[in-house]
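Here are some notes to read alongside the model. Have it open and follow the points in order.

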Amino acid sequence: MGTNLKSYIYLRVPPDVAARVGASKMAVPIGRHKNFHDVLAELAVHSDPFFREFIAGRGSTEEGPFMLVLNGKSVSYEELVQAPAYPGDEVIFVAPILGG
């Protein structure tokens, strides 16, 4: 029996996080997650430290604020954490662009 690819939420993470977790796109089982707050809270405990810092900074890390894209639409941190999580959803974390 094959795996239902739509039973996952997908997260495209920044390059430094991808290097630590071994993939630029993480598949998170939908399981009991009701919204993206639940998803991020679980990742903060069981995954890369980036997620703890991201939650504590309400969408920012020491690098600065991240742009978030949920299913092709730019959203704020508050919109993301309140959004219901559905199988097949994709969140892209766009790292701050630092310049000099």
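Predicted model: local features only at pLDDT ≥ 70, side-chain atom pairs only at ≥ 80, totals over all residues.

1. Residues are numbered from 1 along each chain as its sequence is written, and side-chain values use heavy atoms, leaving out hydrogens and water.

2. Start with the open sheet: 5 strands in the order 2-1-7-5-6, with mixed pairing. Strands here are DSSP runs of E, at least two residues long, and helices are runs of H or I of at least four, numbered from the N terminus; two strands pair if DSSP finds at least two bridges between them. From one strand to the next, the twist averages 25°.

3. Strand 5 (residues 67-70) pairs with strand 6 in the antiparallel sense, over 3 bridges. Within that pairing, Leu 68 has Val 75 as its bridge partner in strand 6.

4. Helix 3 lies across strand 1 (8-12), strand 2, strand 5 and strand 7 (90-94), and runs at about 80° to strand 7. (Axes are lines fitted to C-alpha atoms, for helices over the stretch in contact, with angles from 0 to 180 degrees between N-to-C directions; contact means heavy atoms within 4.5 Å.)

5. How many aromatic pairs does the structure hold? There are 9, counting rings of Phe, Tyr and Trp (its six-membered ring) with centres within 6.5 Å; planes under 30 degrees apart are stacked, over 60 edge-to-face, the rest tilted. Phe 54 and Tyr 77 are edge-to-face because their planes are at 70°, with ring centres 5.5 Å apart. This pair links distant parts of the chain, 23 residues apart: Phe 54 is in helix 3 (residues 49-56) and Tyr 77 in helix 4 (residues 77-82). Phe 54 is buried at 0% relative accessibility, and Tyr 77 is buried at 8% (buried is under 20% relative accessible area, exposed over 50%, partly exposed in between, with a 1.4 Å probe and protein chains only). Ring pairs join both into a cluster with Phe 50, Phe 51, Phe 66 and Phe 93.

6. Finally, look at Asp 89, in the loop between helix 4 and strand 7. Asp 89 is buried, with a relative accessible area of 9%. Among the residues Asp 89 touches are Tyr 8, Phe 36 and Pro 84.

Technical notes: Lists of a residue's contacts leave out its neighbours within four places in sequence.
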